[in-house]
Structures are given as C-alpha cells and as structure tokens.
Amino acid sequence: MKPFKHFTVNSVDEAVLLLKTYEGRSKIIAGGTDLLGVLKSNILPDYPEAVVNIKNIKGLDKIESGTDGFLRIGPLVRLKDIICSPLIKEKCPLLATAAETVATNEIRNVATIGGNICQDIRCWYYRYPHAIGGRFDCLRKEKKGPCPAVKGDNRYNAIMGGKGCFAVCPSDIAVALSVLDGIITLRGPEGEREIGIRDFYTPLGTVMKSDEIVTEIRSLLPSQGARQSFHKFTLRKPIDFAVVSVASLVSMEGSMCQDAKIALGGVSHKPVRAQEAEQTMRGNVPEEALTAAAAEAALKGAKPLSKNAYKIEIAKTLIKKSLLL
Amino acid sequence: MTNNYRYIGKKIPRKDAKEIVTGKAAFFDDIKMPDMLIGKTLRSPYPHANIQSIDTRNAENLPGVKAVLTYKNIPPWTVGIPPHIPVLDRRLRYVGDAVALVAAETREIAEAAIELIEVEYEPLEAVYDLDEAIKPEAPQLYDFAPQNMVPDALPLGVEGFEDAPLHHIKIGNVEKGFQEADIICQGTCSYDGIPNPLPPEPPGIIVKWEGPEEAIVWSATQSPSWANILTSMFLNFTEIRSIATYCGGSYGSKNMLFNISLHAAALAKATNRPVKIYYTKAEHLNAFVLRPASRIHGKIGMKKDGTLTAIQGDWLMGYGANAPMGFMQLAVGCGEAQLALRCKNWDFKAKCVLTNRTPSGIVRGFGGQELKSSLMPILSIAMREADIDPLEFFKKNYVKDGDGYYWRDSKWHVCEGMDYRKAMEKGGEAFGWKEKWKGWLKPTTEKGTKKTGVGVSLHGNADVGEDRSEAYVRLMPSGEAVVQILVAEAGMGQRDSLCKMVAEVLQIPLEKVKMTPPDSLVNPVESGLVGSRGTYACGTAVIAAAQDARKQLLEKAAEKFNTAAENMDTADGMVFQKDKPEQAMPWFFITGPFQSFTGFGRFNTDFTKPNFMMIFTEVEVDVETGKIEILKVLAATDAGQIINPLALKGQIRGSLGSAGIDTAIMEESVIDPQNGHIMTSNMIDYKWRTFAELPEFDDVILESQFPTHQFKAIGLGEISTAPTPAAVLMAVSNAVGKQFFDYPLTPDKILRALGKIQGAESK
Amino acid sequence: MTTSPLPDSQHQIRTIHLTVNGKNFPLEVGMAPHQIQPCHTLLQTIRETLGFTGTKEGCDEGACGACTVIMDGEPILSCMMLTIECDGKSITTIEGLQNPETGHLDPLQQSFIDHGAFQCGFCTPGIIMASKALIAEKSDIETKDIQEALSGHYCRCITHYQVVDAVVDVTKKVMRVSDDK
C-alpha cells in the first residue's frame, strides 16, 4: 500500500478531533478487512493521508440488552462475537445467522459490526484495481459520468432504487437490522445523531460524514415467539457477498400471521423493506399461495438492468422460503 | 495383478513432505538476493490503442528508480512462433498490456514511479468475439495475422517438429461420410468464458545477466527447460541457466513466462542488476495466462448404432492479444479429438484467433479441454437423435490398440497396447450409471424444486510420450544414488515419484536417493512436466539411467566376485551373488572412495500410448433459483501401474481445480465489451470452489500394466480437468430438459432456459 | 498537505513489541529496512523484516487464506492486519509448530504428511495454521466444522479431501487422548 500516517486513539472524542482536523483526508480503521482492501487496490481518487485506529477505545465492544426492549451493540463488536453471544443467540438469532454468512472464519475474527455496516460497496467497476489500466470513475468517486454498470455487466447490481449509482449495499448485518428497526448512533464534532438503518444508505454512499464515528448500534429485541430467518443466495458458500438476501421477522397468532417484517438485500443501495409484501401477509395464514403473492408484491417495483433480471426470481424464492411455515 | 514392489504403488510420504509442512520449501517470493531490483509494469487502459506520446522523465527522476523502459528503448527481442510480441510495443492490444517498465530499489518506489509516467493514447476500435474477429472488416491486431488469424505454423525442420503441426484433420471424404449417415446434425457451441487457471502463487521471474550473452533466470515453473531453451530462443539465443524454485501451482500457465522474462531481462540489462518481477493477484487475474476461448461450428454424421461416419467443423481457438504457442494446443486438441472419436472421415479445421483481451496460453487440458467442451454438446445432438447411451458411445469410439490417428506432429501413429473399455465399464458400474441415466434431456430425479441429472465425458492425450527426456543416475561410494534430471516441483510430486522408481530399480532405501536441484546447469536436457509425460517419459529416462548404472556396478562387482554379471544382484547398497546373498559387500568396496557409476537414460518421443480419463457427474439444479450443485464426481481411468497413490489421488481430484469442473457453472473472466476490462479482478469476484462445498468424489483406477517402461505405468495428471465441463453440461442439460451450448451455466442462464426471465437479454 | 494537529505525536506509535513463535521482537516505526512503516502489513513484517517466509502471500487482499497465522489463539489473515496495530500480540507462524528443541513435528503436520494432504504446498502453511487454531478452540469437531473453518482457504491443486482426512485424523486422536485422561 501507499504510505499514510497512523494514529491510535483512546476515546471517541480523540477520534472525532483527528478526523475533523484531517478534513476528509483520513479514514477510520477498525477490523481493517474492508479498508485495507480499498487502499491496496488504490481505487479512491484521493488516497487518505491518515488512518485513525479506534480499536483501543474502551466501551465500544459491548453487547447489552436493556429493559427498554432494545439490544445495544458496540461498533467494535466482532462478527465472531455476535455469532457466539449467548444473548444474541437466545434473543436475536437472526443477527447471528446473518453474521455467520459473512466472508470467512478468519475475517469474522477481526471484522466488526460497525465496519460491516459502513463498508464500501463491492460494485466491480468501483473496485476495479488502479494498477491494471486505471480505476473507473463514477459518481461515487465524485467525478461526473454515467454509471459504467448500466450499459456494462451489471449482473450483481441493483434491481430497484438505483439513482445515478446502481451498486447494492453489501452489508448482511444491515439487512438483518432492517427487520429489527435498527438504529445507528453517530458522533461527530457537532454531537450525536441517530439514523435508522435504511436511511443510513443513499444511492451515492452512507450519510456518515468524514468526521463522524459510529458509537452504537441499537435494535429491537424481537418478541419471544417471533419467527426469525435470514437467507442469502450466493454462488458459493459462504465467502460471497449476497446476490440476493432476505431477512424476515414474523409473529404469529395461532396459524395466522400477525405481523411480518421483510427486508431484501442485494437488490438496492440500501436494504429494502418489502412493505406491500408485509401487508399481504398480515392477518393471513402463510400458505404457498399467500407467500407467492407476497413475493410477487415485494418485487413488483423491480426495474432490472440488462443482466440482473435473474435476481427477481431468486428474491421471490427466498421470500417464499422465509415466510412459508 | 499385484506386483511385489517395495516403493511402487505404496503409500509412502513424499520425500519433501517435511519441507512443505514446516514452511521451509522455498517458493519464488521466498528468494532473496543482494542487489536485486523490483520491476513493475505500467498497463494499458485501452483494449486497443497506439501510444501517441510517452514521457518518463518524472519516473526516471524519482529517487530509487534505476531504469524506465518504453517501446523506444527496449532490446530487439521478440516472443512467439512466428515472432510477434516485442518486449514493449507502441501498439497496445488489451487492457493491461505492458506500456512501460520500471526497475526500482523497492516495490513501493516502483509502484510510485509507474504513476509518474505520462502517456497519451490514440484509442482504436477493439474486437472481442471470435466470429467477429475473423471478418474482413474487423479491426486488425497485427500485420502478420490477416483477419486476426495466426498463420498456420510452418514446419520448423528440427527434430520433433519436422512437419507443420496438425491443424487440419483431413481423413477420407466427409461428403461420402454424410451420405452414409443415418443422422446428420449441426451446431455451434462456445466454451469461451476464458477462465483463469489461477495457481495460488502468482507468476514471477528473476533475471540476472552474467555476461553480454549469458543470464540466469529464476522462476516458479513446472518446466525449467522452457526458460533455458524457449526463452533463450526469444532472447536471440542468449545462454540461459534456468533455476526453478518450488512452484505454488502452475497447471500449464507458468510455462508461459516468456513475456515476463523478457521484461525482467530488459530491465536487468538496463540496470546491470538482478531484476525481479512478481505479479500481484490483480495482475495474475487480469494480465496473465487465461484458458483459450473456444467455439466450434460442427456437423456430425452418425449411424444409429453410434458409428461416426463424418466429422466436419471449424474450431476457433481464441488466444486474446497474442499467441506464442497457440499452434501447439490446436495441434494437440486436433489429435485428441481423433483419440476420442474414431471416424473414417474428417474435415476439421482449427484456427488460432486473436482478439483484444488478455492473452491465453497453455493450461491443463492443453486445448483438449477446450475442444471437448465445445464438441461434446454438438455430438450430444446426434447421440440424442440416435437415442444412444453416451457411455456406450464412448466405449465404442475411444481409441484402442491398433487404431490410428494423426498426432500433433502431423504424422500417423497407431495406438499400442491400450484399451480403456474395462475402465469405462467399471467406472459406470461404480457410479451407478445404468440406474441414473434416464435418457437424453431427462432428469434422474425430481423432488420439489430440485432436479438431478447425470453426465459423462472423457479425454485422453498421446502427449504422455511427447518429446525427450534425459537423465543420469550416479551410484556413489556412500551407497547413495543421485538422480540428475531437470524436473521441478509444482505439485505433481514427480520428483518424488522418480526417486521412488530409482529406489525400486536399485532396491535401496528411499532416503538414499537424492535428486539434483532443478537447475539446467547441473542436469541434462528435459522437455518439462507437461501433458502427463512425467511418469512415462521422465520415468523411462531415470529407470534406464538407474538400470545402466546398476549394470555397470554389477559388472564391476562380478569381477571382484569372480563370476558372471548375470549372477550378481544388489539391494540396500550391498552387492552379492544371487545364490549367496549372505556374502554381501557394500558398494564402497566396488567403487572405492573416488569412483562412481554413472548411468544414462534417454526417452524418445512415443505418441502411441494415449492415456484416458472418464468423468461421471451428477448435478442438482434448483429450478427456482437456477443454482447448480455438483453432487457427485467419479473419475474412471487406468494408470497401468500406480506409482504414487497419494500423488495420483491428488492429481485426479485436481479435476475440481485449475479452471476445471467449475468452468461449467461459475468460473469465468468477465469482460465488459464496452471497454475491454476484465471485471473479475479480485478473488471474490472471480469464483472458485471453497472447502465448504465439496462434491462426493470417487475414483476407479485400474492397473492394466501398460507396455511403457519397467513399471508399466502411464501418466494422468494433466487430463483430469478436461472431461469435466462437458460432463457437467450434459448433466445440467438432462436435469433441466434443455441442451445447452455455452458455459458457464450461471443461474441467469438456467432461469432463462426455463422461461423464468422475460424479454431478451440486452447485450 | 495539512500541518500536524497537536494530538499527533501522542497518538503515533513509535515502538511495538511482537512475540512471534515465542520470541520477542521489538520493532521501531520508521523507514529503514529493519523498521516497520505504518502501512506495513503483518504479513510483510513476518516475511520481510523478520524472515519467516513460511507464511505466504497469495492475494494480499484477504481472499485466499495463504497468509493465515494464529494471533492470540485465533486464526487471522496477516495481509489484512497492520503491524503497527499488533503491539503486545503473540503470533504463531508455521515455523512455530515444530518443537524448537527436539524438532518433532506437530501431530497436525505429521498427519498432513501421512495423508499426502498437499500437492504444490503453497496453501499448506495457511491451512495448517487454521486447522491448528480450530483444534485448539473446539472440541467434538466434525467434518463440516473443518470445511467451514477452511472455507476461506484457496487450494487449486485440490487437496481438500486429503486435508479434511488429515485433520479428522488428528481430532480423533485428540479426542482419544482426552477420553483417556
């Protein structure tokens, strides 16, 4: 990699101060499994001058549940710890399932939940290595020009919600959090703010500013009897980012679906809550015909590009799988 | 038949096993050399362009930079037969093509210098598709290749290459053959996903000049002799000493180090210091050897009983932007077609086509994988019309003892001593073929959204006996035997197998057999570990050398024992009379302290012993998602005699690697035709099989004792991948109920074939 | 280029201590060949600064597993770890498995030899380290646990089947020993 200055901070305030001082020319490093890849491939038009290591900040690696019905997870909690957490396994196994599908064992030993949510997109135009003829320019890299994926090979790109950029959100945790009403707390020089997980992502990047740091991830603790599932379609198991994924949280009353929360991953720049599908499910018995109807409703608004229409079928299959009793 | 061997066929750990598992085996990047510079390459952003201007001053002025080369200041060396690849060119022919070279003190400085080179390009129109490239109006890549087809290679007039290599199978009269046929079919099939063999270790070269026309080349390679003979040829016959390190996988590709060698050699000459070029993984994925792209437009004539009456076709082999050795793979592929399909009438033309993408080169399967994958689906049309079981078809039509074929040397050879029908039958039995085969385009089972199907294909190569090998075996006073043969270790375990053969001939402990390092200075000539020739060709040479040395020892010993040499024997470093083994004497007493017995052995080309591998496979297709799972693979073969069971097992399972079976379902280098870039430029986007998903893998290995050498063995490693894509395509076609004609069969293709995706895919 | 803000020097590490294969290595941050730069990965330091070349660089982007070492008991990818962030860590590389006094091989290494669980050997050190960590962490290991633990390891010669057999063999022996205790 090209060189950079390296700072190790001991508090959130120290981190924010450094990030602010560098005015967008610095990057946070937690687990490093995304950042180092980005730096090595030299895909960003501006290489950071400094890297700020937040791993020594105490108190950001807790998993706690409170009487307020929320689960609180520190951004430095490793994916491995999420998988092994007795609390999460008991109360929120969907999160552990999602974490287990991420990458590989070695990566999960260092990758953090904060990093997973904030990681950069995987669009292969965006990630094209600079050393092999030059990186691709696109709107995300603050240059002009149409998204090269639109007329190119867009088999892994978005089938809905694309605007200017057609990359998909790569975070499996974000998809899981989307049915758990996940909230991200950010702290910057101006103080703290909270963002709902799906509002965290825009077509051109996350809303996190260059001088902000995630301090907490909060999610609803599902009710005891709720059925939780996370399904991820990939060409290989595990390793791959989701081609399509579906998280669902279904509460039943007898044989009837009382409430359903369904989120799609791999289809858009953010996890998509399939609200029409949820509506279809509420008050009905989850039989084959119903789940098929829900799946259709979920993908009604899909606008595939030239090479990714197959995602629609796969998404429907995963939705049916997650909703069928 | 069981032989009472001490080492042959026994499960004995590899001699260098300890080095491997302790991390002591030195691979290419583990070598350190004082004074060594690092070379890096500036790569073209365009698939086709001329350099209009290039300014290297800022790069040259960066502290630590020792040389910057462009097409303006390179030595006049050219790679290729015919020569067409200069060290650097003003014309660039693929995204990633070398624009300039830098040598610097460290990797970081070299990379920084690359970024300081300023270039203006004149983009040109590019072409990617094989059929488009050979049209008269297509953009031309080279002057020497009209319509982007490399002219058919000329006879070289040297030993082994007297005639032009085979590129057109012309036998009998195809028109007459079609008249005799009950069934005639036509089709086009493409195997053009240009997957990457992608060894774990990227390619690299170190070049050090020892004099104006003398250099040392270090490389991780499976054939060190290709550096000191072939690279030497491209370097105006510079005297090259070639040293091979441990090689972290090659699968053919690291025999194609010519271009990188010339880059390193040019930088080393310019700086007068050793220069190392070691590719990054991105360069390995995007700027190094891919499989050739293959497309066949074929027409088949067949009788109802499966007898082939005519095979006519055009075989386009796409090599990308250049083809230093393309003609070889075409030639071998053409030969291998005849091995698999006995037919009296052929008119089958092979063409080496160039397009604007990263060059292809030799990869395991050597043209045969490309040919089988493209031809078998077309044959399937005829087989289906005849409603003939493909296993029966292959049994009927695979070459056997007495059958003739043109091999790659354009000469007619007759198969000697091989008949693989029993292996096919045993394989079919073990796989349960008869129960699982339900007919063409019919699934084996259907359960919910999952359908299974079975497929079979095969491959064989007469190159097991290609080219020459030479070896010495020296019997030392210490009781050791030193084997001198230029053989590298790239995963085949051949160095170990050859030592075992020598240990067997001499009946000495395996620890007493040593092999010289793979250094061309201290070994005789050897063509290299290619085409499974190691077991037969190298084996013959070392066995003959060991037998020769043994003969000399026993003749000398006979004098001491005052008897005839036929009465003498040796074992465990002792000599004795056969009928008085208790009166034994160590070698030392025969040699004395300052004498050794050196035996010489040579193998001469023998194209009459084709090997064979049949692959049966069962797949499951999810008709809702298009996902294919390979459930089961069974390899059926005949090794003649297993030399090294652990190594052989590894080589056979290698069919799942080296861009083999998974090229049927997910492996491909994806090119964006808008701009010619390879999008699969990292190891997450380039798909490869993980430990988590392993199909059930069985093998049936017969040992029919072939008439090859003392141990009656034949090599197999190279051919294990070649049958796999066609076998999987057949299985998927049967599961889905539709014949496919291209690869890889990704979910979108399956869903489209099932009618689940509306509208045409926009290109 | 910005001027350094005041917190600079107190947040920049000058020296780190790495324990590798039981030996302590103090490393200064700097530009000289024997020093480490902030941008150096642990893999670079292990191979180039400390000379432990048994750990391999396959892809340098965390996608092949060849660079796997054990850090504080867990297998990690050394190419995706900055050395400067490893102060106080204890690292085991493939060179550290053998008994340093007797030279005896780790049972896992011996099992790989016995099963022929390698071909070219490039991926082998990473696979052995990951397997070693698995055996140390988990009891009652099943085949699927081994497959999952190794799913990030790229082997192209295809040694997977023999590797799984080799690791299963060792886990059986470990279980037998613990049963005997």
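**View 1. Helices α11 and α12 of chain B pack together.** In this predicted model, helix α11 (residues 390–397) of chain B packs against helix α12 (residues 421–431) of chain B at an angle of about 165°, and their axes lie 9 Å apart. Axes are lines fitted to C-alpha atoms, for helices over the stretch in contact, and angles run from 0 to 180 degrees between N-to-C directions. Helices (H or I, at least four residues) and strands (E, at least two) are DSSP runs, numbered from the N terminus. The angle makes α11(B) roughly antiparallel to α12(B), a term for angles over 145 degrees. From α11(B), Leu391(B), Phe394(B) and Lys395(B) make the contact; from α12(B), Arg421(B), Met424(B), Glu425(B) and Gly428(B) do. Contact means heavy atoms within 4.5 Å.

**View 2. Met614(B) sits in the largest nonpolar core.** That core has 167 residues, and Met614(B) and Val732(B) have the most contacts inside it. A nonpolar core is a set of buried Ala, Val, Leu, Ile, Met, Phe, Trp, Tyr and Cys residues joined through side-chain atoms within 4.5 Å. Buried means under 20% relative accessible area (1.4 Å probe, protein chains only). The core draws at least three residues from each of domain 2 (31–124 + 200–249 + 253–287) and domain 3 (293–464 + 607–753) of chain B. Domain bounds come from an automatic or database domain assignment. Not counting residues up to four places away in sequence, Met614(B) touches Leu391(B), Phe394(B) and Met424(B), among others including Val456(B) and Leu634(B).

**View 3. Another core lies apart from the largest one.**

**View 4. Chain C has two assigned domains, 15–96 and 107–176.** The C-alpha centres of domain 1 and domain 2 of chain C are 22 Å apart. Their contact takes 15 residues from domain 1 of chain C and 12 residues from domain 2 of chain C.

**View 5. Chain C has six helices and five strands.** Along the sequence, the pattern is α-β-β-α-β-β-β-α-α-α-α. The C-alpha trace of chain C spans about 60 × 35 × 25 Å along its principal axes. Of the 181 residues in chain C, 61% are buried.

**Conventions.** Residues are numbered from 1 along each chain as its sequence is written, and chains are lettered from A in the order in which they are written. Local features need pLDDT of at least 70, side-chain atom pairs count only at pLDDT 80 or more, totals for chains, interfaces and linings use all residues, and side-chain values use heavy atoms, with hydrogens and water left out.

Note on methods
Buried < 20%, exposed > 50% of the residue type's maximum accessible area, 1.4 Å probe, protein only. Parallel < 35°, antiparallel > 145°, perpendicular 65-115°, else oblique.
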